[in-house]
Amino acid sequence: ASDAVAAARESLAGLIGAAPREIFFTSGGTESDNWAIKGFARANAAKGRHIITSAIEHHAVLHTCQALEREGFEVTYLPVDEHGLVSVEDFKAAMRPDTILASIMFANNEIGTIEPVRQLAEAAHEANVVFHTDAVQAVGAIPVDVKELGVDMLSMSAHKFNGPKGMGALYCRKGVWPQNLIDGGSQEARHRA
């Protein structure tokens, strides 16, 4: 079983240009989004409590951000144009000194818009902000390379690329660690029991 999990981790890492140690298995895209956003926000709340996302995110991101608002975080929901695109200029203008995280989906699940993720990640990094993307609709459908995109965290769901239902993964760039959501055993390098 351990060999099968290691092989799956290596295969998935290769699919998105990551290192196997940067892949953490979850129960699906929703858990991956929750872990990335809540986990990072809570772990870094002392640095700031502002998050940026878009108004057309999947509910896994929107409801997660709304839950954080109830915890005292502030969220900016960026509008999109008639094609569903987030403006890089609007994104830059939304940055504040207390912005710690931005989460913009890679490909929209309803209209298929592919967001300018690389440019958004660059803008986030210029402001010292960590960038997450929900790539559930992208991984396995179009080329995705986390190094080329410059994203810090990326959510995936196995059933979107012919894997089993009820499984997903979160890519976390080395050095970016969201707080654990599930505690218990030492699975997933002690990050997801």
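**Close-up views**

**View A. Glu-188 is a buried residue, its relative accessible area being 14%.** Here buried denotes under 20% relative accessible area, exposed over 50%, and partly exposed the range in between (1.4 Å probe, protein chains only). The structure shown is a predicted model, in which local features need pLDDT of at least 70 and side-chain atom pairs count only at pLDDT 80 or more, whereas totals for chains, interfaces and linings use all residues. Residues are numbered from 1 along each chain as its sequence is written, and side-chain values use heavy atoms, with hydrogens and water left out. Glu-188 belongs to helix H7 (residues 187-190). Helices (H or I, at least four residues) and strands (E, at least two) are DSSP runs, numbered from the N terminus. Although Glu-188 is not a glycine, its phi is positive, near 50°.

**View B. Asn-162 lies in the loop between strand S6 (153-157) and strand S7 (168-172).** Phi of this non-glycine residue, Asn-162, is also positive, near 70°. With 81% relative accessibility, Asn-162 counts as exposed.

**View C. Seven strands form an open sheet with mixed pairing, in the order S1-S7-S6-S5-S4-S2-S3.** Two strands are taken to pair if DSSP finds at least two bridges between them. Strands of a sheet pair through backbone hydrogen bonds, either parallel or antiparallel. S2 and S3 are paired in the parallel sense over 5 bridges, and Ile-52 stands opposite Thr-76 in S3.

**View D. Strand S4 (residues 99-103) is mostly covered.** Of its 5 residues, 5 are buried. Strand S2 (residues 50-54) pairs with S4 in the parallel sense over 4 bridges, with Thr-53 opposite Ser-103 in S4. S4 also runs parallel to strand S5 (residues 130-134), to which 3 bridges join it. Leu-101 has Val-130 in S5 as its bridge partner. From S4 the chain crosses through helix H5 (residues 117-126) to S5 in a right-handed β-α-β crossover. Right-handed here means that, with the strands pointing away from the viewer, the path from the first strand over the helix to the second runs clockwise.

**View E. Helix H2 (residues 29-43) crosses helix H3 (residues 59-70) at roughly 30°, their axes coming within 9 Å.** This angle makes H2 roughly parallel to H3. Angles under 35 degrees count as roughly parallel, over 145 as roughly antiparallel, 65 to 115 as roughly perpendicular and the rest as oblique. Axes are lines fitted to C-alpha atoms, for helices over the stretch in contact, and angles run from 0 to 180 degrees between N-to-C directions. The crossing of H2 past H3 is right-handed; this term applies if the near helix is turned clockwise from the far one by less than a right angle, and left-handed if anticlockwise. Ala-41 lies in H2 and is buried, at 0% relative accessibility. The C-alpha atoms of Ala-41 and Thr-64 are separated by 11 Å, with the two residues 23 apart along the chain.

View F. Cys-65 is buried at 0% relative accessibility, and Cys-172 is buried with a relative accessible area of 1%.
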